[in-house]
Amino acid sequence: MSTRTATPASPGLPPEPAVASAQEAAVERPSLGALAAYFLRLGATGFGGPIALAGDMQRTLVEERRWTSRRDYLDGLALAQLAPGPLAAQLAMYIGYAHSGTVGATVVAFAFILPSFVIVWALSAAYVRFGGLPWMRAAFYGVGAAVIAVIARSAWKMARLTLGRDRLLWAIAIPLALTTAWTEREIAWVFFAAGVVALAATIKAPNPGAAAALAVAAPPVALVQVFVFFAKAGAFVFGSGLAIVPFLYGGVVREHAWLTDQQFLDAVAVAMITPGPVVITVAFIGYLVRGTAGMVAAALGVFLPVFLFVVVPAPLFRRHGARPAIRAFVSGVTAAATGAIAGAAFVLSRRAIVDVPTLLLALVTLAILLRWRVPEPLVIGAAGLLGLWLGHGR
């Protein structure tokens, strides 16, 4: 275990001491099967994005069942902020690693991802089989507008949690938002540059105040190409599950032309209305590109780097994860991810908001999400029903 006295807190979650406590002393180690069953349930019923999923793990595993110590939980959150990939999936894998090493991380990863993978598989098959029917296209007419509001709200929440009033981080995020909106793609090296800028500022000024925050397309595509592309996405995308959206759009739509604009927006919508990690949208895209084999290749590609970024550095991270230099680098990369999500919202809005009804629907959805704690799938489902009622084809 780490020798430090405090562990970095996760965005959206209150900082808690990592020192040994009576609660941690009372941790009851469950069987690996019981732990896997919990994550299978969470993957099948967990909505609301990475912060909601991480909150469920804290409430259930740390506070209620006491299956995981607070220190292991917070170490997992900190590592998830440092490494590229979706936060919720990485946290789940780390908890599995803390329980049973690499075997535990592997079992938990499959348990957490499998339910949403199966659900997306069914939706993908239905989309390809019935995607041309007016009722499905009408539903996505409303869903697409609602998804824009969800992405915009996520960008706003990330900005508040990760940027705060830090001028340097805002100076990183705003250009990234403009660059993503202009180029309609995510440039991986810019993210590393953002981390270096934040690190350099820390070196010059030891206390910078930066918190550590964290329809098948065209010709057949080789499965290896699908796997490699999504492996790059898993290896270079930082932030929440939505942070992968601009990277994917630049690749599958702009660069490779595997999907149309509308198909890509529908893929994001499917991820929003299914439980589990939002990044499961890659499975839908893989299915549209190469059927079931493409779906498996895409999912393996994006989650394999995430898995390796958990199990390989975990021992070292427990000793060195709280160092100011590492935290500063992460703050810069997270600021860049926040800006990229905002830019992606603009890019996708140009495809989804096509008339006055979709504009009004997006604005009303955004207002509802900002004002009340309404589950996102419920709002998106209602938007789909409204699209059916309006009777619009796309």
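Predicted model: local features only at pLDDT ≥ 70, side-chain atom pairs only at ≥ 80, totals over all residues.

Reader: Where does R66 lie?

Author: In the loop between helix 3 and helix 4 (70-82). Helices here are DSSP runs of H or I with at least four residues, numbered from the N terminus.

Reader: And what is phi of R66 near?

Author: Near 55°, a positive value in a residue other than glycine. Most residues other than glycine have a negative phi. A257 also has a positive phi, near 55°. A257 is found in the loop between helix 10 and helix 11 and is partly exposed, with a relative accessible area of 43%.

Reader: What about H256, where is that found?

Author: H256 is in the loop between helix 10 and helix 11, and counts as partly exposed at 26% relative accessibility.

Reader: OK, switching to aromatics. How many aromatic pairs does the count come to?

Author: The count comes to 7 aromatic pairs. The rule takes rings of Phe, Tyr and Trp (its six-membered ring) with centres within 6.5 Å; planes under 30 degrees apart are stacked, over 60 edge-to-face, and the rest tilted. One of them is Y38 with F39: the ring centres are 4.9 Å apart and the planes at 75°, so the pair is edge-to-face. Both Y38 and F39 are buried, and Y38, F39 and F112 form one aromatic cluster.

Reader: And F229 with W258, how far apart are the ring centres?

Author: The centres of F229 and W258 are 5.6 Å apart with the planes at 80°, so that pair is edge-to-face. F229 lies in helix 9 (residues 223-236) and W258 in the loop between helix 10 (244-255) and helix 11 (261-272), so the pair ties together parts 29 residues apart in sequence. F229 is buried at 6% relative accessibility, and W258 is buried at 5%.

Reader: Now helix 2 and helix 5: at what angle do the axes cross?

Author: The axes of helix 2 (residues 32-45) and helix 5 (residues 87-130) cross at roughly 35° and come within 8 Å. Axes are lines fitted to C-alpha atoms over the stretch in contact, with angles running from 0 to 180 degrees between N-to-C directions.

Reader: Which classes of residue make up that contact?

Author: The contact of helix 2 with helix 5 has 15 nonpolar, 6 polar and no charged residues. Ala, Val, Leu, Ile, Met, Phe, Trp, Tyr, Cys and Pro count as nonpolar, Asp, Glu, Lys and Arg as charged, and the others, Gly among them, as polar.

Reader: Last one: is L53 buried or exposed?

Author: L53, which lies in helix 3 (residues 49-64), counts as buried at 2% relative accessibility. The C-alpha atoms of L53 and A88 are separated by 6.2 Å, and the two are 35 residues apart along the chain.

Methods:
Residues numbered from 1 in each chain as written. Heavy atoms only, no water. Helix = DSSP H or I, 4+ residues; strand = E, 2+ residues; numbered from the N terminus. Buried < 20%, exposed > 50% of the residue type's maximum accessible area, 1.4 Å probe, protein only.
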